[in-house]
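Colleague: I am new to reading protein models. Could you walk me through one, feature by feature?

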Amino acid sequence: MARELIDRELLAAQSGAARAEHEHDLAALSRQLARRGHDVEALLARARDFAVAIPSWGVGTGGTRFGRFPQLGEPRDLMEKLEDCAVVQQLARVTPRVSLHVPWDRPRDPSAVRRDAADLGLAFDAMNSNTFEDHTPGQRSYKFGSLTHVDAAVREQAVALNLECIEIGRALGADALTVWIGDGGNFPGQIHLRRAFDRYVDSLRQIAAALPTGWRLFLEHKLCEPAFYSTVNQDWGSSYAAASAVGPCCSCLVDLGHHAPNVNIELIVARLIQLGKLGGFHFNDSKYGDDDLDSGSIRPYQLFLIFHELVSAERERVAGFGPAYLLDQSHNVTDPIESLLLSAVEVQRAWIKAWLVDDARLADCQQRCDALGATQVLKEAYETDVRPLLAEARLRAGGAFEPLAAYRASGWRRRCAERRPAARRGTTGGIVG
Ligand SMILES: [Mn+2]
């Protein structure tokens, strides 16, 4: 039984007060879904089985290059970050795993961290290597690249950090490594576009060779930033080419904020599924670029359409399909726990709604070239209010009826402000790939 940081009595009081209305709403939704051929118990099982990981950097206040506005009670070290992750998991019951970023969170004793996390009901998701900034004085600089640097010694150092991530991840019980590099050029001619990509693949092969059996290597592409003229892995095509060259253990990770405005991301998702190279997701939302806004805060329909592709692959039991899900957001003006609670539920909502799509009717509309009929099938699923279903799934799992309200009532942040008085060091968070 996991150690719970929020008082159970508080959750029980909240759900108790709402019980009668909730049961009424759930019964109405069940009847509506039954008319459409859906079994609520089966959907509750889907909701229960869905999980999205939390990044260790996500519980600290983020920022931009203009500044950061830390809040009271921020986590100051890995253990405190795990506590905040555990609060999110206790209330929303969608986020049982944490993804670590090295060296921002380099556990001195990974086995002890694993035990502490398990005590809080948490396990570990994909490891993330950071070779997009310099962290150790005296080390070779990543200013002009890491895995693709022209200097072999810099590449070796960057590969070595990834191998360290794998070792830490083994001890933590993780089974994947995500590689995002900031490598690229700020000027035409600065880097040799083809040679840099060759060096990227070569370095990745060295990392892949060190992967334990069953581990996966995810490549994260990004259109631009920090290199603003060209990036080595800039799009899903480059990512696919690199993953294919590295081998079966390697696949592509889609971060929703890493595309040009108006790009059809669900189409990219479909292509990568088709090609057997969809490894995972970094969920967030964006208006202009890599904004790292909260998932579903601006374009919830896009999120649903992406999940429609994912659920479609799941229904068809596409071989080897099993993407890893992570929230990758920067919480600049909110309490990160509040953002993570709402975002986790938002992603779970998109997942459940995608299961409401009437696949047979959609296929029939497509066959008859009925464009409006087809799009209405999707809208019908998307417009279904599944809040009672998600609340029921949370309640059955021991979570909160309304996670945000429960969190605010718990006074967790206020207590943290007392228990975590002065930051020993700047909490890491903010701009991540
Ligand atoms: Mn990302």
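This is a predicted model: local features need pLDDT of at least 70, side-chain atom pairs count only at pLDDT 80 or more; totals for chains, interfaces and linings use all residues.

Colleague: Let's begin with the whole chain. How many helices and strands does the protein have?

Modeller: The protein has 15 helices and 14 strands. Its C-alpha trace spans about 65 × 60 × 40 Å along the principal axes. The radius of gyration is 22 Å, close to the 22 Å that the globule rule gives for 433 residues, so the protein is as compact as a globular protein of that length.

Colleague: What share of the residues counts as buried?

Modeller: Of the 433 residues, 47% count as buried. Look at the contacts too. Take those between residues at least 6 apart in sequence: 80% of them join residues at least 24 apart.

Colleague: Now the sheet. What is the order of its strands?

Modeller: The order is E5-E7-E8-E10-E12-E13-E14. This is an open sheet of 7 strands, with parallel pairing. Its edges are strand E5 (101-102) and strand E14 (324-327), and each of these pairs on one side only.

Colleague: How do I follow the pairing from strand to strand?

Modeller: Count bridges, then find partners. Start at strand E10 (residues 216-220), which pairs with strand E12 (residues 250-255) in the parallel sense over 4 bridges. Phe 218 has Ser 251 in E12 as its bridge partner. Next, 4 bridges join E12 to E13, and these two run parallel. There, Cys 252 stands opposite Leu 278 in E13. Last, E13 and E14 run parallel and are joined by 4 bridges. His 282 has Leu 326 in E14 as its bridge partner.

Colleague: Why is E12 described as largely enclosed?

Modeller: Check the burial of its residues. In E12, 6 of the 6 residues are buried, so the strand is largely enclosed by the rest of the structure.

Colleague: And how do I read the directions of side chains in a strand?

Modeller: The general idea is simple. In a regular strand, side chains alternate between the two faces of the sheet. Strand E14 shows the case here. Ala 324 and Leu 326 point one way, Tyr 325 and Leu 327 point the other way, and all are buried.

Colleague: What about the core?

Modeller: Nonpolar side chains tend to be buried together in soluble globular proteins. Here the largest nonpolar core holds 115 residues. Val 88, Ala 344 and Ala 354 touch the most other members. Helix H10 (residues 336-355) gives the largest share of this core, 11 residues.

Colleague: Which residues does Ala 344 touch, leaving out those up to four places away in sequence?

Modeller: Ala 344 touches Val 52, Val 88, Ala 92, Val 94, Thr 95 and Leu 327.

Colleague: Is Asn 262 buried or exposed? And what does Asp 292 count as?

Modeller: Count C-beta neighbours. Asn 262 has 6 other C-beta atoms within 10 Å; the cut-off for exposed is 12 or fewer, so Asn 262 is exposed. Asp 292 has 25 C-beta neighbours inside 10 Å; the cut-off for buried is 20 or more, so Asp 292 counts as buried.

Conventions
Residues are numbered from 1 along each chain as its sequence is written. Two strands pair if DSSP finds at least two bridges between them. A nonpolar core is a set of buried Ala, Val, Leu, Ile, Met, Phe, Trp, Tyr and Cys residues joined through C-beta atoms within 7 Å. Two residues are in contact if their C-beta atoms, placed from the backbone, lie within 7 Å. The radius of gyration is taken over C-alpha atoms; the globule rule is 2.2 Å times the number of residues to the power 0.38.
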